[in-house]
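Thanks for coming. Please have the sequence and the structure open while I talk.

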Amino acid sequence: MTNLYEIAKANNIIVYEDYWGTTTAGAYHYQYRMKIIMLNTALSYFHKMIVLAHEIAHAFLHPYEEANFSLIGLKKDTKEIEANYFTCKLLDVIGFWDNDELCIYETELSKTDRGFIDTYRNYINVGI
């Protein structure tokens, strides 16, 4: 399975998308025995996929805890480091980093998106 939305659905994780401005990229919530991921529609496709993978990581690793994704690197706690590492490995397994579209359109990505993606790529070879 290489589609993050399908991975979430197969694991009973609800993905809800809406516009939240520029402060919050995504969030993971556990309410009423439901796992819910919220994604900001203001994100580029590639940025959104990284945030979705990150929130899926929280759903697997820290299922009963809230997690808000603002900007990578702001939180240095163990749970965020674990989620970042899981995210990179998940994206690697589904072929995200090798996605031709990521390479073809990389020049069209914003400077923020390029920096965001490069930061995550650095996690691929880092252990916890």
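I will start with a term. A residue is called buried under 20% relative accessible area, exposed over 50%, and partly exposed in between. Glu17 has 30% relative accessibility, so Glu17 counts as partly exposed. Keep in mind that this is a predicted model.

Now the strands. Strand 1, residues 13–18, pairs with strand 3 in the parallel sense over six bridges. One of the contacts to look at is Tyr16, whose bridge partner in strand 3 is Met38. Strand 2 and strand 3 run antiparallel and are also joined by six bridges. There, Tyr30 stands opposite Lys35 of strand 3.

How many residues lie between the strands in the hairpin of strand 2 and strand 3? There are two. Tyr32, in that hairpin, takes a positive phi near 50°. Arg33 lies in the loop between strand 2 and strand 3, and the phi of Arg33 is near 60°, again positive. For background, most residues other than glycine have a negative phi. Arg33 is at 74% relative accessibility and therefore counts as exposed.

Another positive phi is found at Asn12, near 55°. Asn12 sits in the loop between helix 1, residues 4–10, and strand 1. Its relative accessibility is 66%, so Asn12 counts as exposed.

Next, the charged pairs. Side chains of opposite charge can pair when their charged atoms come close. The count here is two salt bridges. In one of them, Lys48 pairs with Glu17, and the closest N and O atoms are 2.9 Å apart. This pair links distant parts of the chain, with Lys48 in helix 2 and Glu17 in strand 1, 31 residues apart. Is Lys48 buried or exposed? At 14% relative accessibility, Lys48 counts as buried, while Glu17, as I said, is partly exposed.

The other salt bridge joins Glu65 and Lys79, with 3.0 Å between the closest N and O atoms. Glu65 is in the loop between helix 2 and strand 4, and Lys79 is in helix 3, so the pair ties together parts that are 14 residues apart in sequence. Glu65 is partly exposed at 34%, and Lys79 is partly exposed with a relative accessible area of 34%.

Helix 2 has come up several times, so here is a check on its length. At 1.5 Å a residue, the 17 residues of helix 2 should span 24 Å, and the end C-alpha atoms are 24 Å apart, which agrees. Of those 17 residues, 14 are buried, so helix 2 is largely enclosed by the rest of the structure.

Last, the aromatic rings. A search of the whole structure finds five aromatic pairs. Tyr30 and Tyr64 have ring centres 4.9 Å apart and planes at 90°, so this pair is edge-to-face. Tyr30 is in strand 2 and Tyr64 is in the loop between helix 2 and strand 4, 34 residues apart. Tyr30 is partly exposed at 25% relative accessibility, whereas Tyr64, at 63%, counts as exposed.

Phe60 and Phe86 form a tilted pair, 5.8 Å centre to centre with 40° between the planes. Phe60 lies in helix 2 and Phe86 in helix 3, so the pair ties together parts 26 residues apart in sequence. Phe60 is partly exposed at 37%, and Phe86 is partly exposed at 25%. Finally, ring pairs link Tyr45, Phe46 and Phe96 into a cluster.

Definitions and conventions: Residues are numbered from 1 along each chain as its sequence is written. This is a predicted model: local features need pLDDT of at least 70, side-chain atom pairs count only at pLDDT 80 or more; totals for chains, interfaces and linings use all residues. Side-chain values use heavy atoms; hydrogens and water are left out. Helices (H or I, at least four residues) and strands (E, at least two) are DSSP runs, numbered from the N terminus. Buried means under 20% relative accessible area, exposed over 50%, partly exposed in between (1.4 Å probe, protein chains only). Two strands pair if DSSP finds at least two bridges between them. A salt bridge is a side-chain nitrogen of Lys or Arg within 4 Å of a carboxyl oxygen of Asp or Glu. The expected span of a helix is 1.5 Å times one less than its number of residues. Rings of Phe, Tyr and Trp (its six-membered ring) pair if their centres lie within 6.5 Å; planes under 30 degrees apart count as stacked, over 60 as edge-to-face and the rest as tilted.
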